[in-house]
Amino acid sequence: MIDKETFGNRSALFHTFGCKLNFAETSTVAQLFASQGIQRVQEGDTPDYIVINSCSVTEFADKKCRQAIRSFARRYPEAKIIVTGCYAQLKPDEITPLPGVTIVAGNDRKLLLAEYLAAEEREASGASATYVTPAKDIRSFSPSCSRGDRTRYFLKVQDGCDYYCSYCTIPMARGRSRSGSVAEIVEQARQVAAEGGKEIVITGVNIGDFGKGSDETFLDLCRSLDTVEGIERYRISSIEPNLLTDETIEFVASSRRFMPHFHIPLQSGSDEVLKLMRRRYDTALFRHKIERIRAVMPDAFIGVDLIVGARGETLERFEESKRFVESLDISRLHVFTYSERPGTRALDIDIAVSPEEKHRRTRQMLRVSEKKLRDFTARFIGSQRPVLAEHPRHDGSMAGFTDNYLRVNFAPRPELANTVVPVKLTAISDIGEESDGEVMI
């Protein structure tokens, strides 16, 4: 138990790397800290504690986390730094010697950070403490929901992964697949509605695996969430193509609350590379999913993840992948340059791609993505779409997303914030390599 006097009027700064799931979990940690009297501050204020929720999807992600730790230690030399997340889970020994680090905690320990910090305050040993459960022993599911912008929430419904793709460290960082129950998740959605939230993004590591080990399924969850009054929009975050059932696609098409928006990882358009990656589908199945979505939701936004330069991707296989992607009726690519990760089976594949060639291939795929996004966006110029207006930005400007995930900028009308309004789309403002469709009205 934590003594209510332990923290006094302390404050904490939170810094998050990586996926939407991490942001949802950071939000939950911040709420737990607030319940103990630790107030959240913004960068520029002087915090007593700094909580870094790390990512480790690439070597560059690890490097960014180390740089952030050193930067915070220089700017706030008196602050105690707590590091959690995937990098902390995988490589705690690289983190503990860094300046200012007081606590290193694995992914399943995030909701215990306040307790660990209270123990450290009582003991005042000055030494770094590490709390990491081996990934194979992680069994618990910790619910979380991000409440940053009141118009959009990220609801964690599942954690971990049992797939062990050859290039990926997520099973080593997140543990085995596990999830909450439908009843628990629906109750969280009701709480979001009670707080005035209008849109929920369903997130997790492998959300299509929801309910594994029980008699509940991801489709059961979607059907139950669809009944929650007050929530006007749901979006399904990244879902494996082999777990995106035709029944789920049909459900989204018929639902009023589930938006016509999908994010589906392809990773490669070459069947040979998919086999080397140990993916659980081929290009024929992937094409079927895209065509099925288009048949029942012609206006749907379809984002696709793609890894470029993976081991085993010969020039011929890359060209095959590029042709396949170009042939798909999708809206955008999320292009990732392959990064070597220690402990992955991909390192046993002999064929490696040089950094220069990876960069060249990445640029090519980004150009494909930009064209796909521009063509998709152009289809809707002159049409009217429902937009959930976000709160005004610091400069007073306003924006929001259409039902099919086109970002819309519009003249400031603060009274429209957190409401769905019909908007006529008039012109494409800007589409770059890292942007979503952006439409000026």
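Guide: Here is a tour of the ring pairs, then the charges over rings, then the cysteines. Keep in mind that this is a predicted model, so every value below is computed from it.

Let's start with the rings. A search through the whole structure turns up 10 aromatic pairs. One of them is Phe72 with Tyr76: the ring centres are 6.3 Å apart and the planes make an angle of 25°, which puts this pair in the stacked class. The cut-off for stacked is under 30 degrees between the planes. Both partners are tucked away from solvent: Phe72 is buried at 3% relative accessible area, and Tyr76 is buried too, at 8%.

Next, look at Tyr234 and Phe258. Their ring centres sit 4.9 Å from each other with 20° between the planes, so this pair is stacked as well. What does the pair tie together? Tyr234 belongs to strand E12 (residues 233-236), while Phe258 is in the loop between helix H9 (246-254) and strand E13 (261-267), so the contact links parts 24 residues apart in sequence.

Phe301, Phe376, Phe380, Phe401 and Tyr405 make up one aromatic cluster.

Lys156 is placed over the face of Phe141, 5.2 Å from the ring centre.

On to the cysteines. How many disulfides does the structure hold? The count is 0. Take Cys161: its closest cysteine sulfur is that of Cys165, and at 6.4 Å the two are too far apart for a bond. For scale, a disulfide needs the sulfur atoms within 2.5 Å. Cys165 isn't in a disulfide either, since its nearest cysteine sulfur belongs to Cys168, 6.1 Å away, and the cut-off is 2.5 Å. Are these two cysteines buried or exposed? Cys161 is buried, with a relative accessible area of 11%, and Cys165 is also buried, at 9%.

Terms used
Residues are numbered from 1 along each chain as its sequence is written. This is a predicted model: local features need pLDDT of at least 70, side-chain atom pairs count only at pLDDT 80 or more; totals for chains, interfaces and linings use all residues. Side-chain values use heavy atoms; hydrogens and water are left out. Rings of Phe, Tyr and Trp (its six-membered ring) pair if their centres lie within 6.5 Å; planes under 30 degrees apart count as stacked, over 60 as edge-to-face and the rest as tilted. Buried means under 20% relative accessible area, exposed over 50%, partly exposed in between (1.4 Å probe, protein chains only). Helices (H or I, at least four residues) and strands (E, at least two) are DSSP runs, numbered from the N terminus. A charge sits over a ring if NZ of Lys or CZ of Arg is within 6 Å of the ring centre and within 35 degrees of the ring normal.
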